[in-house]
Amino acid sequence: MLWLKAFHIIAVICWMAALFYLPRLFVYHAMSQDKISRDRFVIMERKLYRGIATPAMIAALTLGFWTASYNWNYYQSSHWFWGKLALVAGLVIYHFACRHFMRTLAEDREVRNHIFFRWFNEAPVLLLIPIVLLVVIKPH
């Protein structure tokens, strides 16, 4: 059980690192003006998304549900757990929104500027803070 929790935490850290860095790449991508730079950002974004973010998300979700399955009766009756799951669902939606922006930027179809992506970059923090607080404090 402790091994599962440890690997779940590692996967979450990797996923969050990717979700923090990928939108920062979008900021620089949106600011770039030459084709060489844009092409470089396309490669960096794709490798980060496919090589780190998505595998880390899959691992975090799998290990999280696996860990919860060991004491499902407790988690099932805990309001904080369902709140956490709702916020994690928000992170999953954010993850796939990143894929959308990654694709539109790669195809030069993105109409949003670097300022939008600077604000977009803050969303995972707004989800992470209450997730951590719910897990640590366990209200209700």
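Is Arg 38 buried, partly exposed or exposed, and at what relative accessibility? In this predicted model, Arg 38 has a relative accessibility of 22% and counts as partly exposed. The value lies between the limits of 20% and 50%, so the residue falls in the middle class.

Arg 38 takes part in a salt bridge. Its partner is Asp 108, with an N to O distance of 3.7 Å. Asp 108 counts as exposed, because its relative accessibility of 54% is over 50%.

A search of the whole structure gives 4 salt bridges. Another of them joins Lys 35 to Asp 39. Here the closest N and O atoms are 3.1 Å apart. Both residues lie in helix α2, which spans residues 35-69. They are 4 residues apart, about one turn of the helix. Lys 35 counts as exposed at 54% relative accessibility. Asp 39 counts as partly exposed at 36%.

A further salt bridge pairs Arg 112 with Glu 110, at 3.0 Å from N to O. Arg 112 is partly exposed, with a relative accessible area of 36%. Glu 110 is buried, because its relative accessible area of 15% is under 20%.

Helix α2 also packs against α4. The angle between them is about 160°, and their axes are 11 Å apart. An angle over 145 degrees counts as roughly antiparallel, so α2 and α4 are roughly antiparallel to each other. The crossing of α2 past α4 is left-handed.

From α2 come Val 42, Glu 45, Arg 46, Tyr 49, Ala 53, Thr 54, Met 57, Leu 61, Phe 65 and Ala 68. They meet Phe 81, Leu 85, Val 88, Val 92, His 95, Phe 96, Arg 99, Met 102, Leu 105 and Ala 106 of α4. By class, the contact has 15 nonpolar, 2 polar and 3 charged residues.

Notes
Residues are numbered from 1 along each chain as its sequence is written. This is a predicted model: local features need pLDDT of at least 70, side-chain atom pairs count only at pLDDT 80 or more; totals for chains, interfaces and linings use all residues. Side-chain values use heavy atoms; hydrogens and water are left out. A salt bridge is a side-chain nitrogen of Lys or Arg within 4 Å of a carboxyl oxygen of Asp or Glu. Helices (H or I, at least four residues) and strands (E, at least two) are DSSP runs, numbered from the N terminus. Buried means under 20% relative accessible area, exposed over 50%, partly exposed in between (1.4 Å probe, protein chains only). Axes are lines fitted to C-alpha atoms, for helices over the stretch in contact, and angles run from 0 to 180 degrees between N-to-C directions. Angles under 35 degrees count as roughly parallel, over 145 as roughly antiparallel, 65 to 115 as roughly perpendicular and the rest as oblique. A crossing is left-handed if the near helix is turned anticlockwise from the far one by less than a right angle, and right-handed if clockwise. Contact means heavy atoms within 4.5 Å. Ala, Val, Leu, Ile, Met, Phe, Trp, Tyr, Cys and Pro count as nonpolar, Asp, Glu, Lys and Arg as charged, and the others, Gly among them, as polar.
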